[in-house]
Amino acid sequence: MFSSTLLAVASATLASAHTIITYPGWRGNNLLTNETFPYGMQWLYPCGGMPTTTNRTFWPTTGGAIAFQPGWFSGHSTAFIYVNLGVGNEGPELRPDLAGPPNMSHPMINPFQIIGPTKNPYPGTVCLPQVPLPAGTTVKAGDNATIQLVELALHGAALYSCVDITFAEPGDPRIPLINETNCFNSTDIGAADIYTLTMRESGSTIASPSAAAPALQKLAAWAYVPMLVGGMWALL
Ligand SMILES: *[C@@H]1O[C@H](CO)[C@@H](O)[C@H](O)[C@H]1NC(C)=O
Ligand SMILES: *[C@@H]1O[C@H](CO)[C@@H](O)[C@H](O)[C@H]1NC(C)=O
Ligand SMILES: *[C@@H]1O[C@H](CO)[C@@H](O)[C@H](O)[C@H]1NC(C)=O
Ligand SMILES: *[C@@H]1O[C@H](CO)[C@@H](O)[C@H](O)[C@H]1NC(C)=O
Ligand SMILES: *[C@@H]1O[C@H](CO)[C@@H](O)[C@H](O)[C@H]1NC(C)=O
Ligand SMILES: *[C@@H]1O[C@H](CO)[C@@H](O)[C@H](O)[C@H]1NC(C)=O
């Protein structure tokens, strides 16, 4: 299934880095751009323009693997990756019999950055072998849900892909096995943790000391430069 997906997509449009979920599957090929989706289908929240599907994949109630290929189009030398879960079927879809989750607001991982080899399209797979359920979520075998993969591009817009799943007990033979052929990290795609540094606490009028100290020192160093070269304050 993995290689046939690759072939199908390779022969599809190479329009403009988009993502393909290679495990546990995806809703379908949403890499296209046409008159209905003039900016490209995959930019559409929540699932890149693909409606809920009924050919669901079984996935463990205790969490499981997610593998994807993030480098299908250009412009994604780096990107942020998010994985979310949507549960329930009260979503506002046009076909009530096919309604998916009302939202995809339940993060399964801390977002991280991928570091690609180039800004041009690149091959390669990233696999997260054990993605847990969102904190506080309890599910049982037979429940349906949707996993959403978000690739946040350098300019802040996001690409969406989803896979519809049905939960099964770990070890259920209907869960596709993972092994080194469908769950691996390609060496050409690096990864980085994402940190934030508080500049100013909410409710505070002064910068937090930890962030402010180096910033103020830097400012002071700058202020001295024009004084040394003759007081050209206009440069500041
Ligand atoms: C579901 O069917 C669509 C349409 O045939 C296909 O593109 C997609 O890969 C299938 N998804 C899964 C998880 O098998
Ligand atoms: C664009 O592609 C989508 C998905 O295949 C399809 O539903 C839609 O009808 C297409 N639009 C046009 C104008 O061909
Ligand atoms: C899960 O979805 C399938 C169709 O994709 C549906 O037949 C089944 O009734 C759903 N199960 C539950 C518990 O809603
Ligand atoms: C998101 O969906 C869940 C059900 O999956 C619901 O309990 C929750 O209230 C929803 N959150 C928002 C912000 O709509
Ligand atoms: C890996 O698992 C897939 C099923 O998910 C199977 O088709 C394939 O043969 C397995 N490969 C190896 C090397 O065990
Ligand atoms: C792939 O890389 C990610 C990010 O560093 C890591 O969380 C994951 O465990 C790696 N997967 C494998 C199969 O080693």
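Predicted model: local features only at pLDDT ≥ 70, side-chain atom pairs only at ≥ 80, totals over all residues.

Biologist: Which residues are around ligand 1?
Modeller: Around ligand 1 are W26, R27, G28, N55 and T57, where a residue is near a molecule if one of its heavy atoms lies within 4 Å of it.

Biologist: What does N55 do there, in terms of distance to an oxygen atom of ligand 1?
Modeller: A polar side-chain atom of N55 lies 2.2 Å from an oxygen atom of ligand 1, and a backbone N or O atom of W26 is 3.0 Å from a nitrogen atom of the ligand; a polar contact here is a pair of N or O atoms within 3.5 Å. The protein covers 53% of the 360 Å² of accessible area that ligand 1 has on its own, with areas from the Shrake-Rupley method and a 1.4 Å probe.

Biologist: OK, ligand 5 next. Which residues surround ligand 5?
Modeller: Ligand 5 is surrounded by L177, N179, E180, T181 and N182.

Biologist: And which polar atoms lie 2.8 Å or 2.4 Å from an oxygen atom of ligand 5?
Modeller: A polar backbone atom of L177 is at 2.8 Å from an oxygen atom of ligand 5, and a polar side-chain atom of N179 is at 2.4 Å from an oxygen atom of the ligand. For N182, a polar side-chain atom lies 3.4 Å from an oxygen atom of ligand 5. Taken alone, ligand 5 exposes 360 Å², of which the protein buries 42%.

Biologist: Switching topic, in what order do the strands of the open sheet run?
Modeller: The order is β1-β3-β7, with 3 strands and antiparallel pairing; strands are DSSP runs of E with at least two residues, numbered from the N terminus, and two strands pair if DSSP finds at least two bridges between them.

Biologist: Why is one side of β1 and of β7 left without a neighbour in the sheet?
Modeller: Because β1 (20–23) and β7 (126–131) stand at the edges, each with a single partner strand.

Biologist: Over how many bridges do β1 and β3 pair?
Modeller: β1 and β3 (residues 64–69) pair over 3 bridges in the antiparallel sense, and I20 has Q69 as its bridge partner in β3.

How values were computed:
Residues numbered from 1 in each chain as written. Chains lettered and ligands numbered in written order. Heavy atoms only, no water. Polar contact = N/O pair within 3.5 Å; in protein donor to acceptor, adjacent residues only side chain to side chain. Helix = DSSP H or I, 4+ residues; strand = E, 2+ residues; numbered from the N terminus.
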